[in-house]
Every structure is written in C-alpha cells, then in structure tokens.
Amino acid sequence: MLSDRSPLSLRAAAIGGLLFLHLPILLIFLYAFTTEERSFQFPPPGLTTQWFGVAWNDRPDIWPPLWLSLKVATIATAIALVLGTLAAAAMTRSAFFGRDQISLLILLPIALPGVITGMALRSAFGVMDIPFSIWTIVLGHATFCIVIVHNNAVARLRRLSGGILEASADLGANAFQTFRHVLLPNMGTALLAGGMLAFALSFDEVIVTIFTAGSGTGSKTLPIWMLDELIRPRQRPVTNVVAILVFATTFFPILAAYYLTRGGSETAGMGK
Amino acid sequence: MTRSAILPARGPADRLTAIFWRHPRVLLAILLTPPLVWLGVVYLGSLAALLLQSFYSIDEFSGVVKEEFTLKTYGELLRPSNFDILVRTVSIAAAVTLACAILAFPVAYYAARFARGHWKAAFYLGIMLPLWSSYLVKVYAWKLILAKEGILGWTAEQTYTGWIIDGLLSIPGLEGSSLSTSPIGTFMVFVYIWLPYMILPMQAALERVPNSMLEASADLGATRAQTFRTVILPLALPGVVAGSIFTFSLTLGDYIIPQIIGNSANFIGMAVYQLQGTAGNIPLAAAFAVVPIGIMLVYLGLARRMGAFDAL
C-alpha cells in the first residue's frame, strides 16, 4: 500500500514554492503606505495613507492612460470573443483538412515571444504606412486574446454532448435558434471566463503594446505609464498605489473566471 | 391530407439551416473565415513583413533603409558584439528553464499527488493567480526586494549573512552595486516570473501518472528514489518539456526585465527594441527578431517529438 502522506520535506518545499510566488506581491501593498518616497528602504520609516490622496488629486497624468487601457481592453476582448468563439466552434467539428495547421496558427501569437509579435506588427505598420493610434494597439491585443477565448470555448464545447444539438434540430429548431437557446446558455460561463481572462491580459500587456502604440502622449496605456515610472521614478509610493489598482483590475477577473469554470476538466487559465 | 415528416421552411433562417445540414462545409467556412482572415492578414501578414524587412539593409551613411534583397543584415548578426547578444540570451534562457524545472517540481508533484479538497483548490489558485497577475507589478515588486536598501539586504544585515550577497556580487561577470543591478538579479526575476508557466504543465503531466504504476514499482521492491528516477521522471518528462517551451520562449524574447533589473547587458529583445526605436535600424531589428522564431521552431519540433504537445 502506497502512503498517502507526503514526506515532510516535500510538503515544505511545495509550500515554500507557493510562498515564493506570493510574498513579493505583498510588498507592493506595504510600500504604498511608506513615508519614504525616494528609496525602497525596508522596513519603511513610517506609515501613511497620503499617497492614495496624492494619486487621486495631484496626479492627472494617471487618468488618460487608465481610460485608454480600459478602452483598448474592452474593444480587444469584444473582438476576441467573436473570433475566438467562431474558431472554437469550427475546431470542435469533425476533422478537416488543415485543422492542425489552423490550431497552430491560433496558438502562435502566445507561443512566440511577445517581442516578435510586436516587432512584426510594427514592421507591417511601417511597410503599409499605417499611423499609430488606439486601433493599432487594439489590433495587436485582439490577436493574442483570440487564443484565450478559443481555449476556454473549445474546452467547454468538447465537454458538451453533441446530442443536445441534434435533439434541438430534431425538435425543429434552426441553426440560429439552437445557437441562441441551446449553445449559448451552455457556453455562457466559459465565454465569460475567457472574456475576463482576455481583458486581464490586454489590460496588463506591455511588451507588444510598446511596439504598436507609437510615442505620442495620447497613446500611453497604463502599463506603459508604469514602465516609465519604473525607469524614471518620482513619488515612488504613487506608483505602488497604481500597481495595486492594476493588480486588482486583473486579480478579480481571474478569480471570477476560476469560479465560473470550476469543477470541469477545463478550468480557465491553464494556458496563458 | 398528408403531412410531411419534415417541417416546411418558415423563413431564410430555416433555409440556411437546411443548407448547413446538407453541406457542412458551408457552415465550417462561415465559422472559420473571420478568425482566419484576422490571423492570416494581421498576424501572418505582419510576420511576412518582418521577414521581408530582415532582408533589407540600411545605408550606413544616410541611415536610409535600402529596399532591395540582401543577406548583409543577417551577416551583421555574426559580428562579435551582436553574436554575444545571441549567446547571452540563449544561455540565460537555458539557465532560467533549468532553474524553473527544479523549483517547479516539488510544487507540481505535491499538488498533483498529495493535495486534496481545499488544498487542491488552494494550490491551483496559488499557481494561477501569480501566473495571470500583472507582469509589471511583479517586476516592480522585485525592484523593491533587490534594491540595496530593500528587504533582502535588510534581512541579510539582521542575520549577519550580508557576506553571501557581497560574495555573489564579486564573482567576475556578475558584479553589481546591489542584486538589482547585477545579472544575478535579472536571472532571479526571470525565474520568478516564468515559474508558474512551468508548474502548470508539469502538474498536468504528473496527474496523469497512474497510482497503480507507483504501487507496482513499490511492490517490485523499488525505493522512493528508484521509483522517482525510473517511473515518475520519464512519465513526467513531456510535461517538463511542455513547460520549458514557455520558460525558454518567454525569456528569449523579454526586454523589460533586463531593462529594469540588471547591469543593462544587452539581450535579443532589448536589441530589437533599441534598434527599431532610437537607432532606427529596422532591418537589423527584424533580423534579430527572426532568430528567436528560428530557435523556437526547432525547439517546438523537438518538443513535439518528445510528446510535449499532448501534455499542454
């Protein structure tokens, strides 16, 4: 009989690994309250909540990037939801010529390093003389968000029995009625989860964005703003306040995606 | 009066449904066209533009891109200063992948084999949340940790172990005024950021190792170590290779981490970024970007042969 109890050293190493993944993020929270704004002194010499007020009132440079990021993430998610669902519906049907190649094509934007996607898009904009705008950012984001929605939808469609679609057809529903009354309610949570993950990914993306945003001030997304603050810091705790905001904006969608798809073999987010 | 067993078509929607039923390929084409057009035009089109630009060259005197086919730009990659960048990037990607595999194993193994009920969920979320949470926030957190006056330095001072950090920082090639300006810092942050990408496929592969095989191995008299080496490791290998695709590829292309943490030694991603930006040498930037594509295609080919795609 094999022991179901783990050796103590293994348990310690596993829990140590998890702590290693989480403790650094907690520091972001601590440093948002420090009174020291010029260095990363630990322990903080004093604690204050003034930086939240400063970020709200005295830093107008935070707001335009925040709105731009929300706008880009919303549009990119909407595009990815449509295209990702269509691709998933096609891919779960019976085998057809070129299926493996198409599946690779869908995966490629996240399998290749972001710098390649970014550089490739930038070259294309250069060759075709497309000026940088919010739409060039959306173009890049939607491309790598498609695979996120696609993966979630494919996992759910595979679990869904084909019988209910046939039953719907037998009862006289046409393709659109089947989609509206049978397929959509069954896929709803998977699509919602995929959409939220795509939103989180787009809201946070910086590697591709730098190549597709151009250098104008109006094209600065929140992650680009944060990167600027990391390279040329001023009022460091304010950066922490914004970091907490970014963290929360991605944390809750991820958590929600997990609870929406829990219990299946296809829990959301297995592949980023 | 006879009634047909088939309902009469009531409108265009029904007629379309009939077409879909008789010609499934029509539906398939309708479903596939929009995503394929998007990915084909936007993504493959861009990759083609990248490839095209990498065969152009830049006029050294005027700085203008000459739009005629040449291999000169690829030749420039072999210049010692550029070749160093390629070697450095591939080495750190390999080192990061190895470190991730070692660190990920206990977490993945415990989560796959021993965690039950609430613990299972806790482990799952515990790996998922760092994977998905903001990349820049995580990098920033490490800037706080590795700074000279930061928590790591403070802990070392309190425990009188500062000499370990000083010792590491005096190793030739790894020098820096603090960990956050040393290549050691770059390496640590890479390992931290990409670790969850290794744990997940590894855990998935380990979960597929049947318990009966472990029992059989024990029945046949194998010690824990022997079972690990001869049963678990070979069966988990596809998962390790699948994870390594991510850690290797992501390290290969990253240009934010070395820019913020480390001694600003150049990596492929940074070279691409700088060449297309301030230097304006798009052909060379494109040539640099083609290198990771080539490396990853070879890598993916090898991984496929080792069955890693089934573990994804």
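Two residues are taken to be in contact if their C-beta atoms, placed from the backbone, lie within 7 Å; the legends below describe a predicted model.

**View 1. Surroundings of Trp194(B) in the largest nonpolar core.** Leaving aside the neighbours within four places in sequence, Trp194(B) is in contact with Val96(B), Cys100(B), Phe246(B), Thr247(B), Leu250(B) and Thr251(B). The largest nonpolar core has 175 residues, and those with the most contacts inside it are Trp194(B), Val272(B) and, from the other chain, Ala80(A). Helix 9 of chain B, residues 183-207, gives the most to this core, with 17 residues.

View 2. Chain B has 14 helices and 2 strands, and 44% of its 312 residues count as buried. The C-alpha atoms of chain B fill a box of roughly 100 × 75 × 35 Å along the principal axes, and the radius of gyration is 26 Å, whereas a compact globule of 312 residues would have one near 20 Å. Among contacts in chain B between residues at least 6 apart in sequence, 71% join residues at least 24 apart.

**View 3. The side of chain A that touches chain B.** The contact takes 73 residues from chain A and 79 residues from chain B. Several helices of chain A each supply at least two residues of the side that touches chain B, among them helix 3 (63-91), helix 6 (134-159), helix 8 (175-204) and helix 11 (236-261). The largest share of this side, 13 residues, comes from helix 1 of chain A. By class, the side of chain A that touches chain B has 54 nonpolar, 14 polar and 5 charged residues.

**View 4. Helix 7 of chain B and its packing partners.** In helix 7 of chain B, which covers residues 151-158, Ile151(B), Leu152(B) and Gly153(B) are buried. The buried residues of helix 7 of chain B pack against helix 1 of chain A, together with helix 6 (135-146) of chain B. Just after helix 7 of chain B, Tyr160(B) takes a positive phi of about 55 degrees.

**View 5. Helix 5 of chain A, with its length and burial.** At 1.5 Å a residue, the 15 residues of helix 5 of chain A should span 21 Å, and the end C-alpha atoms of the helix are 21 Å apart, which agrees with that expectation. Helix 5 of chain A is mostly covered, with 12 of its 15 residues buried; the buried residues include Val115(A), Met119(A), Arg122(A) and Phe125(A). The helix is followed by Asp129(A), whose phi is positive, near 55 degrees.

View 6. Ile102(A) is found in helix 4 of chain A. Because a residue needs 20 or more other C-beta atoms within 10 Å to be buried, Ile102(A), with 19 such atoms, is partly exposed. Ile102(A) and Ala87(A) are 15 residues apart in sequence and 9.2 Å apart in space, C-alpha to C-alpha. In chain A, confidence is lowest in helix 4, at a mean of 82, and highest in helix 3, at 93, while chain A averages a pLDDT of 85, with 94% of the residues scoring at least 70.

Notes
Residues are numbered from 1 along each chain as its sequence is written. Chains are lettered from A and ligands numbered from 1 in the order in which they are written. This is a predicted model: local features need pLDDT of at least 70, side-chain atom pairs count only at pLDDT 80 or more; totals for chains, interfaces and linings use all residues. Helices (H or I, at least four residues) and strands (E, at least two) are DSSP runs, numbered from the N terminus. The radius of gyration is taken over C-alpha atoms; the globule rule is 2.2 Å times the number of residues to the power 0.38. A nonpolar core is a set of buried Ala, Val, Leu, Ile, Met, Phe, Trp, Tyr and Cys residues joined through C-beta atoms within 7 Å. Ala, Val, Leu, Ile, Met, Phe, Trp, Tyr, Cys and Pro count as nonpolar, Asp, Glu, Lys and Arg as charged, and the others, Gly among them, as polar. The expected span of a helix is 1.5 Å times one less than its number of residues. pLDDT is the predictor's confidence in each residue, from 0 to 100.
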